[in-house]
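Could you walk me through this structure, with its pockets, its core and its charged pairs? Here it is, ready to browse alongside the notes.

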Amino acid sequence: LLAAFDARLPFTLTQGQSEVARTISAEMAAGHPMHRLLQGDVGAGKTVVAVAAMLAAVDGGHQAALMAPTEVLAEQHAASVRAMLDGITVPDPGNLFGDRPLRVELLTNRVSGAVRKDVLAGLADGSVDIAIGTHALIQDAVDFASLGVVVVDEQHRFGVEQRAALRDKTAHGAVPD
């Protein structure tokens, strides 16, 4: 998935972005949860590095979540991540063709009705690969089949309990990166 992602980017990652993405990927492969603060100026490429980490989790058979402090920011992230990942497929043994499109879904309080029900079901059954949302991601109704990595944007705007609540959303007591 990472090679497909790199090939689709309309630019080459900087040396710093590549180094950080490799470091995060290696730490995610370790036997203990990785905790990392990625800091940089606006436009430095933090989102691209975060998407690479989320793809590494999906490539490993897990899900990823990106939590943003506001609905507007979550919606912006969802639009940009969907654009970056457009056309990428993931293996699906239940699909006649062997692959299915990578599924990125938005979950905020604005998402309601049948759409919300579909997103929640996809998170629980693992068919949603990447969830992007607000504190709506930590509500009791949200269950992930296999949460592998959590990205918290502007983490200083969330409390310790809120960040921990998202990490605790994975099945089987596993702790995501």
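## Ground rules

A residue is called buried when its relative accessible area is under 20%, exposed when that value is over 50%, and partly exposed in between, using a 1.4 Å probe and protein chains only. By that rule Glu105 is buried, at a relative accessible area of 18%.

This is a predicted model, in which local features need pLDDT of at least 70 and side-chain atom pairs count only at pLDDT 80 or more, while totals for chains, interfaces and linings use all residues. Residues are numbered from 1 along each chain as its sequence is written, and side-chain values use heavy atoms, with hydrogens and water left out.

Let's begin with helix 3, residues 46-59. Helices here are DSSP runs of H or I with at least four residues, strands are runs of E with at least two, and both are numbered from the N terminus. Because 11 of its 14 residues are buried, helix 3 is largely enclosed by the rest of the structure. Val48, Ala52, Met54 and Leu55 are among the buried ones. Just after the helix, Gly61 takes a positive phi of about 90°.

In soluble globular proteins, nonpolar side chains tend to be buried together.

## Two pockets

To find pockets, a 1 Å grid is laid over the protein atoms alone: a pocket is an open set of points with protein on both sides within 12 Å along at least five of seven lines, whereas a cavity is a set where a 1.4 Å probe fits but cannot get out. Lining residues have an atom within 4 Å of a point. Points are joined across faces, edges and corners, and a volume is the space filled by probe spheres set on them. For residue classes, Ala, Val, Leu, Ile, Met, Phe, Trp, Tyr, Cys and Pro count as nonpolar, Asp, Glu, Lys and Arg as charged, and the others, Gly among them, as polar.

The largest pocket has a volume of about 880 Å³. Its lining has 27 residues, and Arg36, Leu38, Val151, Val152 and Asp153 lie nearest its centre. By class, that lining divides into 13 nonpolar, 7 polar and 7 charged residues.

Helix 2 (15-29), helix 3 and strand 6 each supply at least two residues here.

## Charged pairs

Side chains of opposite charge can pair when their charged atoms come close. A salt bridge is counted when a side-chain nitrogen of Lys or Arg is within 4 Å of a carboxyl oxygen of Asp or Glu, and the count comes to 8. Arg36 pairs with Glu27, the closest N and O atoms being 2.5 Å apart. Arg36 is partly exposed at 43%, and Glu27 is partly exposed at 26%.

Arg82 and Glu105 form another salt bridge, at 3.8 Å from N to O. Arg82 lies in helix 4 (residues 71-85) and Glu105 in strand 4 (residues 104-107), so the pair ties together parts that are 23 residues apart in sequence. Arg103 and Asp118 also meet, at 2.9 Å. Here the loop between strand 3 (99-101) and strand 4 is tied to helix 5 (residues 113-125), because Arg103 lies in that loop and Asp118 in that helix. Arg103 is buried at 17%, whereas Asp118 is partly exposed at 42%. Arg82, Arg103, Glu105 and Asp118 are linked in a network of salt bridges.
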